[in-house]
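Hello,

Here is the structure for your files. My notes on chain B follow below it.

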Amino acid sequence: MIWQQVQSLAGSYPLALRGLGMTVVLSLISLVLGTLLGFGLGILRTGGNRLISAAIGAWVDLIRGTPFLVQIFLIFFILPELGIELDAFTAGIIALTNLAACFICEIVAAGIRSVPTGQVEAALASGLSRSQRMRQVVLPQAMRIVLPPLVGQYVLLIKDSSVVSAIGLTDLTRVGWLVVQRVPNGLLVFFLVGLGYFIVCYPLIMLARRLEQRMGAAHGEVQL
Amino acid sequence: MLENFSFRTIVEYLPLFGQGLVTTVWLSLISFAGALAVGIVLSAMNLQRGWLFRVPAKAYIDAVRATPLLAQLYFLYFGLPRLGFVLPELVVGILALSLNSGAYVAEIIRAGILSIPRGQVEAGVASGMTYVQRMRLVILPQAFKVTIPPLLGQAIVLVKDSALLSLISVAELTRAGQLLASDRFMPAEGFITIAAFYLLLYYCLKGLAALSGRWLGLQPARSST
Amino acid sequence: MTKTGMIDFRGVNKWFGALNVLRDITLSVEPREVVVVCGPSGSGKSTLIRCINGLETIRDGDLVVDGQRLGDPATNMTRLRTEIGFVFQSFNLYPHKTALENVTLAPIHVRKIPRAEAEQAGRELLAKVGLADKVDAYPAQLSGGQQQRVAIARCLGMRPKIMLFDEPTSALDPEMISEVLDVMVAVAEEGMTMMVVTHEMGFARKVAQRVVFMDAGAIVESGTPDEFFSHPKTDRSRAFLSKILRH
Ligand SMILES: Nc1ncnc2c1ncn2[C@@H]1O[C@H](COP(=O)(O)OP(=O)(O)OP(=O)(O)O)[C@@H](O)[C@H]1O
Ligand SMILES: [Mg+2]
């Protein structure tokens, strides 16, 4: 009985690979787009313009305050009503990118705010332009604060990508759901699904932890 | 287009949304209580010096953190019946949320305890306190304060995560939105309304977190004994 | 050679990894004696006194405190620590407890003294260190000098036989140093056995029977305050003294 199930599971490995591929592609695309967008928003958020900053803050709050599942439904079912036709894949990318951008925006803003004002003043005094100040002085120092939670955010993003299975995208979680209809062993099937995510996420979690420790150590030096 | 957005339908479905909201709130409360229990047990195991308890606790926490809640939910939903536990969806959902959030709570508690300066431990040691006395009188009362704001943050995450229970047909808030969307083909009305309800919950918890932060920051904690 | 002091180091060595932080320390402190330990930063002063109440453990040699050998399975460390007060450079008061609660916490829970009695004693001790009006203040509401005086009262509340001080005034603003030193002098004059890591020479001259000078983990010189400050015997102690005197 178990043996049959294992055989039947082994038979669905092309499907599983496709699912894993979908998860990786979704995560990767939205990770790159979300990071770019998130940094841009984060810089605008801490920039001088109050209105822009408040608008971004409000949007981030909207996204942080609602479940990702609801966001996906909103994008997938409502954008078409506004005349924007899109398939599940595009909807998934939009939703994930937006989510990542919002969280990364806050991480980046916090990092930028952590840079002492003296640093900005020094850069001002030596006549650097606004973008030079950002690129040469502020961002490099902010990165120390930004990096650990940024990597942690990537883990969240990969995990959140599982929610797009709800609009029918065949990612790793959806594959598990399909397979379990044929092979009625939920423990085994979703153990394997979990293993797939674990293999992708765990190294990132370790990396985030390592970065955090390094930062903690650097902090200790300063405090002495 | 959205020009025929129907407030009347929303009003018509309001009792359903109300029920969903109430369900979301109380199942979140129960799950959060469960998460606290799981988290306290895990962090107690994690603080042991011997590996016997520490290693399983760490493995559990890592496994939960490295896999999506939805996969964990399906693992229980499709897996528990295999083990002979045929439970209502709602119970499975609460179980999944508690077990999942518990791992994060454990990390929050651990960080809280580690944030207490070494000197505090040493002062306790120097005055002849035992490990248990140090924990009870010196470390935990201080760590407790530090953990309140991040715990409220985790509560926000939990409320949002509970939306996933709609996928195993628990009749909570998101499910109510799905019903309106599919019964009347009015996804905009359904999902925008529930988004508004979630935002309401979010701002309540966020306000509470801000209040607690201010309260903890300004007022020195009263002795807890 | 069999004579035992209150604190007895016999050939004690300690390493942090490859670093030999205590080298062959032999030192005996008599009951009611006050010993001041000084020396350059990193010379091992803190490590030396932290070994006495087991905040650090030694690798070889013997360390006997109040007749009990440290590291001996028969020695109850927790019990021994109740006999030893330790005052930290950074006070380490419990921030979630008032001054009085800081003083009474260990007497109530470790010594099992009834609360009312402990509070009575606590108030008296706080009055003694000049803080009768700060009984209900939290550490964050006290100045550094006041916090350190609470910390000393906290130790005295356990009625210890020995008091150890690790640079008790070096984290303080200059104008607060004397209020803490005055309290320490009063404690010394009541006959407490004390080991004090400090560079306050006025304090040493006033109450110390002996000054011990450490460098690179070893005791380089030891003598009465007069001998040491007026006629340092080694180049290293002369160099050290010229540096702290210049300030
Ligand atoms: N936990 C530790 N791990 C490794 N090395 C340590 C540790 N604690 C102290 N050391 C090292 O041991 C040596 C002695 O330290 P110690 O704190 O006893 O010096 P000190 O004389 O008290 O100096 P200071 O005047 O700066 O307080 C130093 O070189 C220090 O770097
Ligand atoms: Mg020191």
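In what order do the elements of chain B run from the N terminus on? The order is α-α-α-α-α-α-α-α: chain B has 8 helices and 0 strands. Helices (H or I, at least four residues) and strands (E, at least two) are DSSP runs, numbered from the N terminus.

This is a predicted model, in which local features need pLDDT of at least 70 and side-chain atom pairs count only at pLDDT 80 or more, while totals for chains, interfaces and linings use all residues. Residues are numbered from 1 along each chain as its sequence is written, chains are lettered from A and ligands numbered from 1 in the order in which they are written, and side-chain values use heavy atoms, with hydrogens and water left out.

Overall figures: the C-alpha trace of chain B spans about 75 × 50 × 25 Å along its principal axes. Of its 225 residues, 51% are buried (under 20% relative accessible area, 1.4 Å probe, protein chains only). The accessible surface of chain B is about 10,600 Å² (Shrake-Rupley method, 1.4 Å probe), and carbon and sulfur atoms hold 71% of that surface.

Transmembrane regions: an unreviewed UniProt entry lists residues 25–47, 59–78, 90–109, 137–159 and 185–205 of chain B under this heading; such annotations may be inferred rather than shown by experiment. Residues 137–159 of chain B are 100% helix, with end C-alpha atoms 33 Å apart. For residues 185–205 of chain B, the helix share is 90% and the end C-alpha atoms lie 32 Å apart.

Regards

Terms used: Buried means under 20% relative accessible area, exposed over 50%, partly exposed in between (1.4 Å probe, protein chains only).
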